[in-house]
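Please read them beside the coordinates.

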Amino acid sequence: MKTKTDEFDADDLNLITLAQKYNDEDKARALFEFMRWPDGKPICPHCKNDGKAKPNYKLTSKENTKKKVRPGLYSCGACRKPFTATVGTVLEDSHIPISKWIMAWFIICSSKKAVSAHQLHRMLGLTYKSAWFMAHRIRFAMGDDGKTKLKGVVEIDETFIGGRSTRQRKLSSKTPVMALIEQGGQMRARVVPNVSFKNLGKALFECVDTSAVICSDENTAYKTVKKHYKAHHTVVHSDYEYILKTPDGISAGTNHCESFFSLLKRGVHGAWHNVSREHLSKYVNEFQFRWNTRKLTDGARMAAALPMIEGKRLLYRQPAV
């Protein structure tokens, strides 16, 4: 993936480049605006005016004025409302410099097995509370829009995230996570209340096109899948069967799901140590995004992640409904 300006190539972007070229706030803002608006034309987040009919323009301060216009402020040519590149995104109303936001995006996008909020707090010179909330906003933005469904051969499986199962701590205290992976393609991951067919089926119908071939283990919750999809192949793990070669040449199994779960659990045990049910979906978003962009360089992955902030807000305390 090549994303270029005269000074920027996403594939060559790394921490040294960010520290050397974009540590200045104005340069960091220019990079952020370029990633948000690749064609160079700012789009109003209030009325979606792209400037074709009525151009949006940048506001600047007059000479010798005491009331300076804050950097990066634009005015919409249609609705006349002011805006910046952060309005209508997870960065809106943040007091953290954009240069640190970009650094955090890069660190999270390039950390294969995750990075903790304490690590961000130490590396970026932020308070732990700010680093924790920043990481959650980034993970929230990484969530998929749910519009594109998986096709072809799709593996499905589930795991449980939480403490170890003991006589005192039953399996019910863990949180189920379902993975749906298109062989050779994209994936979706969903946190579900439990592993009943109602919940697993809902996630399956939401994420997978009915033309797909489904591969699963012998979980009885999937026994009616064949009625809704092209085909359903089952591998019997209790008989030590992990790959099933079908007559139509499909290698049925759940190994890709197991690989994803392995990475996710390394993040939980090695970086975060403990995750709550409330926030687990955001942590899952992070691993889902990195899986779906696994063939990109770290810089290109960050360039792919930043546009996903459009139209997403996450408040520290959600307002009561």
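1. Which residues in H7 meet which residues in H8? In this predicted model, His256, Ser259, Phe260, Leu263, Leu264, Gly267 and Trp272 in H7 meet Tyr283, Val284, Glu286, Phe287, Gln288 and Trp291 in H8, where contact means heavy atoms within 4.5 Å. The residues of this contact divide into eight nonpolar, four polar and one charged, with Ala, Val, Leu, Ile, Met, Phe, Trp, Tyr, Cys and Pro counted as nonpolar, Asp, Glu, Lys and Arg as charged, and the others, Gly among them, as polar.

2. On conventions, residues are numbered from 1 along each chain as its sequence is written, and side-chain values use heavy atoms, with hydrogens and water left out. Because the model is predicted, local features need pLDDT of at least 70 and side-chain atom pairs count only at pLDDT 80 or more, while totals for chains, interfaces and linings use all residues. Helices (H or I, at least four residues) and strands (E, at least two) are DSSP runs, numbered from the N terminus.

3. Helix H7 (residues 255-272) packs against helix H8 (residues 277-292) at an angle of about 130°, the axes being 11 Å apart; axes are lines fitted to C-alpha atoms, for helices over the stretch in contact, and angles run from 0 to 180 degrees between N-to-C directions. H7 and H8 are therefore oblique to each other, given that angles under 35 degrees count as roughly parallel, over 145 as roughly antiparallel, 65 to 115 as roughly perpendicular and the rest as oblique. The crossing of H7 and H8 is right-handed, that is, the near helix is turned clockwise from the far one by less than a right angle, anticlockwise being left-handed.

4. H8 also has a contact with helix H5 (residues 128-141), and here the axes come within 8 Å and cross at roughly 65°. H5 and H8 are therefore roughly perpendicular to each other, and the crossing is left-handed. On the H5 side Trp132, His136, Arg139 and Phe140 take part, and they meet His279, Lys282, Tyr283, Asn285 and Glu286 in H8. By class, this contact has three nonpolar, three polar and three charged residues.

5. Five strands form an open sheet of mixed pairing in the order E6-E5-E4-E7-E8, two strands being paired if DSSP finds at least two bridges between them. Strand E6 (187-191) and strand E8 (231-234) are the edge strands, each pairing on one side only. Strand E7 (residues 213-216) and E8 run parallel and are joined by four bridges, and isoleucine 214 has histidine 232 in E8 as its bridge partner. H7 packs on the sheet, touching strand E4 (153-161), strand E5 (175-182) and E6, and its direction makes about 30° with that of E4. H8 likewise packs on the sheet, touching E4, E5 and E6, with its direction at about 170° to that of E6.

6. As to confidence, the chain averages a pLDDT (the predictor's confidence in each residue, from 0 to 100) of 90, and 93% of the residues score at least 70.
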